[in-house]
Amino acid sequence: MTIRERIEQMEEERFSQYASLSKYSRGREREETPCDIRPCYQRDRDRILHCKAFRRLKHKTQVFVSPTGDHYRTRLTHTLEVSQTARTIARALRLNEDLTEAIALGHDLGHTPFGHSGEKALDKALEGTGHRFWHARQSLRVVEKLEKDGEGLNLTWEVRDGILNHGTKCTPATLEGKIVRICDKIAYVNHDMDDAFRAGILMPEDIPRRYTDLIGTTSKQRLNVWIHDIITQSEDKNDIIQSEEMQAALMELREFLFDRVYTSRIVKAEDNKVERMLADLYGYYMKYEDAMSEEYIRMLREGTPKERVVCDYIAGMTDPFAVAKFEEYFVPRSWR
């Protein structure tokens with residue numbers, strides 16, 4: 001018996017009856033010889049962790065564009081906070097922690113530079129082409145097609161389902177995916193509030209008393225309350241749920257942040273610049289496709305629609321790389 005087989009046996013013995021067992025995964029699009037040490041979801045986790053798209057998340061905006069402070073969240077730190085919270089819940093419910101972590105680490109791989117402003121810009125650029133841009137679908141495209149020079153990561157069906165269906169109106173097929181879906185919201189509501197305090201957009205006393213009385217006033221308190229609620233409500237159930245009170249608080253705080261932070265003057269001040277910059281980059285690469293990297297030019301030769309390839313290229317950029325390319329193409333250089 002291999003180490004992997006022993007781990008799979010332990011999963012059957014110890015996990016909840018509702019857990020997604022590695023042994024019974026629906027498999028990969030391309031069949032592979034199983035690893036002798038790692039079960040399939042652990043192997044997927046490792047592939048995501050070591051891929052290029054994951055490393056680029058450290059230079060992609062979460063909410064605040066190019067913040068000067070060292071302690072604001074980036075897309076990478078958001079991903080790690082989602083992963084940590086989701087793993088805590090999965091372990092407590094005796095679900096598959098490896099699957100949960102793989103989905104969490106992969107859920108935002110397709111996010112654009114400059115956060116949702118960049119996402120909106122690319123979606124707008126695609127109007128009339130028959131394509132749309134949505135970061136969850138792009139994350140799936142990253143792991144299925146764009147990584148490893150067009151080979152993709154060949155992840156299991158369950159991980160790909162969780163990545164695609166982490167959005168608010170989606171329903172993942174596994175409980176592990178449902179955990180990530182909720183933890184994504186918990187993470188950004190919690191840390192965006194914290195970053196808004198740091199930026200001076202909000203003061204702690206701005207948060208309505210009905211929320212602070214319910215979930216506390218600190219990041220630690222809020223996470224503790226939400227995590228305990230999910231575990232208590234979901235234990236021994238074939239679902240991942242919150243109490244009505246906690247779910248309402250999470251959604252109402254999300255709306256509060258949209259009203260007071262995400263659409264605030266400070267946050268929105270750079271949005272028009274971001275949208276114009278990415279729109280100009282899109283137009284440039286549509287005209288001069290040879291300026292893209294060779295792997296994307298190869299996709300064009302293989303017949304992928306140009307507008308899709310251009311969006312793939314821009315979506316993969318980090319914030320600094322997008323700015324550098326914009327300056328290279330559109331900002332005059334001084335003569336020496």
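Asn96 caps the N-terminal end of helix H5, with a side-chain oxygen 3.1 Å from the backbone nitrogen of Asp98. Helices, taken as DSSP runs of H or I of at least four residues, are numbered from the N terminus. The model is a predicted one, in which local features need pLDDT of at least 70 and side-chain atom pairs count only at pLDDT 80 or more, while totals for chains, interfaces and linings use all residues. Residues are numbered from 1 along each chain as its sequence is written, and side-chain values use heavy atoms, with hydrogens and water left out.

Burial is described by relative accessible area: buried means under 20%, exposed over 50%, and partly exposed in between, with a 1.4 Å probe and protein chains only. By this criterion 10 of the 10 residues of H5 are buried, so the helix is largely enclosed by the rest of the structure. Among the buried residues of H5 are Glu97, Asp98, Glu101 and Gly106. The buried residues of H5 pack against helix H2 (40-49), H3, H4, H7, H8 and helix H9 (175-199), where contact means heavy atoms within 4.5 Å. Leu99 is placed in H5, which spans residues 97-106, and is buried, with a relative accessible area of 0%. When residues up to four places away in sequence are not counted, Leu99 touches Ser20, Tyr41, Glu158, Val159, Thr174 and Glu176.

Thr61 lies between helix H3 (52-56) and helix H4 (75-92), and its relative accessible area is 4%, so the residue is buried. The side chain of Thr61 makes a polar contact with the side chain of Asp319, at 2.3 Å. A polar contact is a pair of N or O atoms within 3.5 Å; within protein, one must be able to donate a hydrogen and the other to accept it, and residues adjacent in sequence count only if both atoms are side-chain atoms. Thr61 and Gly118 are 57 residues apart in sequence, and their C-alpha atoms are 9.4 Å apart in space.

Two packed helices are described by the angle between their axes and the distance between the axes. Axes are lines fitted to C-alpha atoms, for helices over the stretch in contact, and angles run from 0 to 180 degrees between N-to-C directions. Angles under 35 degrees count as roughly parallel, over 145 as roughly antiparallel, 65 to 115 as roughly perpendicular and the rest as oblique.

The axes of helix H7 (residues 135-146) and H16 (residues 306-315) come within 12 Å and cross at roughly 100°; H7 and H16 are therefore roughly perpendicular to each other. On the H7 side the contact is made by Gln138, Arg141 and Leu146, and on the H16 side by Arg308, Asp312 and Ala315. These residues divide into two nonpolar, one polar and three charged. In this division Ala, Val, Leu, Ile, Met, Phe, Trp, Tyr, Cys and Pro count as nonpolar, Asp, Glu, Lys and Arg as charged, and the others, Gly among them, as polar.

Helix H14 (residues 271-287) packs with H16 at an angle of about 130°, with the axes 10 Å apart, and the two helices are therefore oblique to each other. Leu278, Leu281, Tyr282, Tyr285 and Met286 of H14 meet Lys306, Glu307, Val310, Cys311, Tyr313 and Ile314 of H16. The contact of H14 with H16 comprises nine nonpolar, no polar and two charged residues.

For helix H15 (residues 294-301) and H16, the axes come within 9 Å and cross at roughly 165°; the pair is therefore roughly antiparallel. Tyr296, Met299 and Leu300 of H15 meet Lys306, Val309, Asp312 and Tyr313 of H16. Here the residues divide into five nonpolar, no polar and two charged.

Backbone geometry was also considered. Most residues other than glycine have a negative phi, and most peptide bonds are trans. Lys148, although not a glycine, has a positive phi of about 55°. Lys148 lies in the loop between H7 and helix H8 (157-164) and counts as partly exposed at 48% relative accessibility. Asp236, also not a glycine, has a positive phi of about 60°. Asp236 is placed in the loop between helix H11 (219-234) and helix H12 (244-262), and at 61% relative accessibility it counts as exposed.
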